[in-house]
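Have the coordinates open and follow along.

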Amino acid sequence: MSFYRAYVQRLSKGIHTIPVDLEAIAAANNIFLKEDDSEGYSGMLLVVNDMALISLKSSIRESTRKRFTIAHEMGHFTLPDHLTKDKNSFQCSDGDLNNFGRNKNKESEANLFAAELLMPDDLFRKKVMLSDPSKELAYSLAKEFDTSLTATCIRLINFKADYALICSENSRVKWFYKGEQFPYYLGTDIGSPLHPSSYASVLFKTGRTAEEFYDVPTETWIDDHRFKKSASLLEMTFGLPGYNQALSFLYVDNNSNEDDEDDEDGYGVGLTGYPSFR
Ligand SMILES: [Zn+2]
């Protein structure tokens with residue numbers, strides 16, 4: 001059992017519905033939930049004696065983001081060494097809630113806990129094992145687990161470790177998250193403009209999505225001399241409704257140019273109107 005799974009089970013006390021019933025779990029742990037107008041944080045945890053309070057910024061629009069924020073604060077409540085005798089509260093910003101860095105700190109730990117609480121390893125794994133990442137899969141998982149598309153796609157990368165995920169906003173890279181087996185360096189920096197050859201860039205310019213994986217030139221996303229000539233870089237991109245954001249999945253097909261002589265002819269099928277990238 002994973003580290004996070006063990007602590008999730010300690011908190012959830014046998015409550016195993018999907019979507020996860022956070023109110024029931026809060027009640028079972030003497031945690032009170034409330035919303036307030038604070039602009040100082042997105043989520044807050046305060047523990048006094050045996051009583052805990054999780055407070056959410058009331059202006060968070062989506063219920064899925066509220067759920068993730070509650071789950072994150074429950075992480076601070078549950079994980080070892082988060083609450084100490086000198087620290088009985090956390091105030092967490094949007095940045096903290098988006099921190100999925102591989103470098104361990106308390107914020108990224110609370111996010112990993114939240115992902116495990118809301119999208120339990122065993123159930124999620126079963127749902128994704130036989131499928132490649134797709135917009136349909138992301139939407140159906142987000143609906144089933146009552147999680148945001150973004151959190152769902154990040155969780156997908158935990159199980160599809162040879163993929164990378166990039167979130168862009170207003171034609172710029174907002175963040176990226178590589179699976180542990182994605183083999184190459186990305187040539188993108190946070191805040192940098194999207195490469196014009198990317199389907200993400202096309203989406204911002206034309207509103208068109210690329211909801212299957214299509215070839216893009218390597219330099220669109222990758223800056224790594226180890227990239228093999230025989231390999232192809234594939235991108236799938238869809239937009240996030242209500243935000244000016246796109247999610248792009250990347251995958252490297254290491255054999256595509258060796259065994260598929262018709263590759264160039266088949267390029268871009270079904271995407272009439274797209275610019276030619278070669
Ligand atoms: Zn936090």
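The buried residues of α8 are L149, T150, A151, T152, C153, I154, R155, L156, I157 and F159. That is 10 of its 11 residues, so this helix is mostly covered. Here buried means under 20% relative accessible area, exposed over 50%, and partly exposed in between (1.4 Å probe, protein chains only). Helices (H or I, at least four residues) and strands (E, at least two) are DSSP runs, numbered from the N terminus.

The model is a predicted one: local features need pLDDT of at least 70, side-chain atom pairs count only at pLDDT 80 or more, and totals for chains, interfaces and linings use all residues. Residues are numbered from 1 along each chain as its sequence is written, and side-chain values use heavy atoms, with hydrogens and water left out.

The largest nonpolar core has 53 residues, and M74, F113, L117, F124, L165, L247 and F249 have the most contacts inside it. Helix α8 (residues 149–159) gives the most to this core, with seven residues. A nonpolar core, for the record, is a set of buried Ala, Val, Leu, Ile, Met, Phe, Trp, Tyr and Cys residues joined through side-chain atoms within 4.5 Å. Apart from it lies another core, of 19 residues, with F182, W221, L250 and V252 among them.

## Two domains

The domain assignment gives domain 1 (3–118) and domain 2 (161–278); such bounds come from an automatic or database domain assignment. Five residues from domain 1 and six residues from domain 2 make up the contact, where contact means heavy atoms within 4.5 Å.

Domain 1 and domain 2 bury about 530 Å² between them, 35% of it on carbon and sulfur atoms. Buried area is the accessible area (1.4 Å probe) that two parts lose on being put together, summed over both. Zooming in on L117, and leaving aside neighbours within four places in sequence, its contacts are V8, L11, V20, L22, I25, A71 and M74.

## The zinc site

Which residues hold the zinc ion? H72 (NE2), H76 (NE2), C92 (SG) and E107 (OE) coordinate the zinc ion at 1.9 to 2.2 Å. Donors are N, O and S atoms within 2.8 Å of the metal (3.2 Å for Na, K and Ca), and water is not among the atoms, so sites may look incomplete. The spacing along the chain is H-x3-H-x15-C-x14-E.

H76 sits in helix α3 (residues 63–78) and E107 in helix α5 (residues 106–118), 31 residues apart. H76 is buried at 0% relative accessible area, and E107 also counts as buried, at 12%.

The peptide bond from I18 to P19 is cis, with omega near 0°, and P19 lies in the loop between α1 (3–12) and α2 (22–28). N49 has a phi near 55°, positive in a residue other than glycine; N49 is exposed, at 72% relative accessible area. D146 is not a glycine either, yet has a positive phi of about 55°. D146 is partly exposed at 26%, in the loop between α7 (135–145) and α8.

Two further loop residues are worth a click. S192, between β6 (172–178) and α9 (199–206), counts as buried at 19%. H225, between β7 (210–216) and β8 (232–240), is exposed at 77%.
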